[in-house]
Amino acid sequence: MSMLMPRVSGCLARAFFVSFFFFSCSVASPSPDGDGFLQCLRPKNVPSELVYTQTSSSFTDVLASSIRNGKFFTNATARPLCIVTPRDASHVQAAVLCGRGQGVRLRVRSGGHDYEGLSYRSARPSSEAFAVVDLGANLRAVRVNRLQSTAWVDSGATIGELYYAIAKNDSRLAFPAGECPTIGVGGHLSGGGVGMMMRKHGLSSDKVLDATLVNADGELLDRAGMGEDLFWAIRGGGGGNFGIVLSWKVQLVQVPSTVVAFNIAKTVEQGAVDVLTRWQDVAPCLPSDITLRAIVRGRQAMFQALYLGGCGSLVAMMDDQFPELGMTSADCQPMSWAQSAATPFLSFGRNGTLEEALLNRTTGLSRSNKGKSDYVRRAIPKAAWEDIFPWFAKAGAGFILLEPHGGFMGGVPAAATPYPHRNGVLYVMQYIVTWPQEGGDGGTAATAWIQGLYELMGRHVSKNPRRAYVNFRDLDVGQNDEAGTFEGGEAWGERYFVGNYRRLAAVKAAVDPTNYFRNEQSIPPLH
């Protein structure tokens, strides 16, 4: 592992690398030159063992190492010219300068959880040549400063690795982030980062204090070097837009030595529809010390909570504010915060030791998936839920995950960071469906199910625009036009970022005017 230096002079870095590459990389290339890109990387710039070409014996294994969606690992998938697995910032700078010089674009992968796989594949097989910079291979260090309650974490680390490092240093420190430990830090923070403590402490990106980034000119910049506009943009504007963020300095938060979690299931026969209808009004208005989310699957709704307090006060709170749930002390599961991040209560059934749960990066290609998202600003009425629940008994059915906002989230202005879904949002809804990659109907029923439910929900969710969460990427909401124009990105950009889309495009024009960092849903420059 390599810990990147947190403060670097961008001017010195650029001067060194521009002179270093002058004779090996041309200033511009009218057409992609894959061989030229590889030749530019080879002489002393990036060790050959860190570059995997399509003819390398390990290329397929390295490419598949953090693919989380089987449908994006087929013979039809557009694959990169090569994969660069940098050990330090200079290797990333080399990749950027060689890529620009030879007309090869870069896609950047940290954990591989991009729902549309855009961090390692192209959705347009005939589009420009590209290479992948895989940060998860070697740039995964975490350095915790217990006295200052901060940490520097490389983008290639997973949030599980970050959680584990924090817990090992101090069991009363934590970081607000997601519930799936294999998510890469780089992508998670770049898109905002919702999680079980956001009602108390905000999004992951709300706790970013500094960052190191390689921009489109190959400069290595920290917050002071990049300026406040770019620093604003990288904290929620989506990954792969403005440069390659190598590491993040984050503010850690205090948590009790013991927290409480619970899982309470209600079937349709037990009144799931009534309880879920009531949940919409209760969950966003509870004290910020608790997050109570809901999962609807099959004929039941599962209510999962993380409470930063003790069992007695939690039971009293639920009895007072949500008696319909029927929560009792028998439902309390006391544990450390780190255990709550690794427990089956909040992490879809993982078992084993804390190390196994938080540090396991194993992937599987046996299943494919599709995700979509919505934001709900007005509670969905009971009659509508009665129409919705039968969908979960249909062929190919998946589930929906409802995560409440309110608390800290409601007090942050929409323009404070690129993530605009703050005041007035009751909850974000994630739709997930999976199917076996081999055999079956190839996902036909599952895809029809999620598209049909999404269409049905349109009348009940946010409108003008119908909002979506960039970390639940969905190409169905729109793609950039071939020219990469601002207008061509408005359809999807305003759904993810609402009024912040224009500012993001203005930042893009300032820091990457030629649109080098580009994919099907990257921020286009505002010209």
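**First stop: a hairpin**

Select Arg143 and look across to β6, where Trp152 is its bridge partner. Keep in mind as you go that this is a predicted model. Now widen the selection to β5 (residues 142-145) and β6 (residues 150-154): the two run antiparallel and are joined by four bridges. Together β5 and β6 make a hairpin, with four residues between them. Click on Ser149 in the turn and check its phi, which is positive at about 55 degrees.

**Next: the seven-stranded sheet**

Colour the strands in the order β15-β12-β14-β13-β17-β18-β16 and you have an open sheet of seven, with antiparallel pairing. Its edges are β15 (333-335) and β16 (367-376), each of which pairs on one side only. Going from one strand to the next, the twist averages 20 degrees.

Zoom in on β13 (residues 290-297) and β17 (residues 399-404), an antiparallel pair with four bridges. Here, Val296 sits opposite Ile400 of β17. Then bring up helix α10 (residues 272-282), which packs on the sheet and touches β12 (259-267), β13, β14 (300-307), β17 and β18 (427-436). The direction of α10 makes about 140 degrees with that of β13.

**Last stop: His405**

Follow the loop between β17 and β18 to find His405. Is His405 buried or exposed? It counts as buried, because its relative accessibility is 0%. To see what surrounds His405, show its contacts beyond four places in sequence: among them are Met198, Arg199, Pro284, Tyr375, Tyr419 and His421. Val425, Leu426, Tyr427 and Val428 are in contact with His405 too.

Note on methods:
Residues are numbered from 1 along each chain as its sequence is written. This is a predicted model: local features need pLDDT of at least 70, side-chain atom pairs count only at pLDDT 80 or more; totals for chains, interfaces and linings use all residues. Side-chain values use heavy atoms; hydrogens and water are left out. Two strands pair if DSSP finds at least two bridges between them. Axes are lines fitted to C-alpha atoms, for helices over the stretch in contact, and angles run from 0 to 180 degrees between N-to-C directions. Contact means heavy atoms within 4.5 Å. Buried means under 20% relative accessible area, exposed over 50%, partly exposed in between (1.4 Å probe, protein chains only).
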